[in-house]
Amino acid sequence: MLNIDQNQNGATLSFALEGRLDTTTAPQLDDAIKAAIEGVTELTFDLTKLEYVSSAGLRVFLSAQKTMNKQGKMVIKNVSEEVNEVFEVTGFSDILTIE
């Protein structure tokens with residue numbers, strides 16, 4: 001299960017994720033991003049409460065990063081040790097901006 005708390009303020013869009021970002025829930029996040037990303041120059045993901053990310057979840061982050069490379073910046077914040085380990089092992093820590 002994944003809870004998505006979405007907040008948009010002008011050209012700034014943020015998502016706070018809670019639960020698991022996996023094959024079942026990744027399309028839900030992907031749809032939310034695609035519906036709101038037009039005109040956004042700053043995209044932020046708060047992963048404080050994200051427990052798990054699968055390859056499907058990584059694809060969503062990569063897709064969002066590719067879009068934001070053209071129109072602004074993307075930052076991922078408050079990553080847990082477990083999720084950060086996935087980013088490091090897959091090499092995503094070199095692609096994504098993680099604070």
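Which residues does Phe61 touch, not counting residues up to four places away in sequence? In this predicted model, local features need pLDDT of at least 70 and side-chain atom pairs count only at pLDDT 80 or more, while totals for chains, interfaces and linings use all residues. Residues are numbered from 1 along each chain as its sequence is written, and side-chain values use heavy atoms, with hydrogens and water left out.

With contact meaning heavy atoms within 4.5 Å, Phe61 touches Leu17, Leu21, Phe45, Leu47, Val53, Met74, Ile76, Phe87 and Leu96. Phe61 is also buried, at a relative accessible area of 0% (buried means under 20%, exposed over 50% and partly exposed in between, with a 1.4 Å probe and protein chains only).

Now for the rings. Searching the whole structure turns up three aromatic pairs (rings of Phe, Tyr and Trp, the last by its six-membered ring, pair if their centres lie within 6.5 Å; planes under 30 degrees apart count as stacked, over 60 as edge-to-face and the rest as tilted). Phe45 and Phe61 have ring centres 5.1 Å apart and planes at 80°, so this pair is edge-to-face. The pair links distant parts of the chain, with Phe45 in strand 3 and Phe61 in helix 2, 16 residues apart (helices, H or I of at least four residues, and strands, E of at least two, are DSSP runs numbered from the N terminus). Phe61 and Phe87 make an edge-to-face pair too, at 5.9 Å centre to centre and 70° between the planes. Since Phe87 lies in helix 3 and Phe61 in helix 2, that pair ties together parts 26 residues apart in sequence. Phe15, Phe45, Phe61 and Phe87 form one aromatic cluster.
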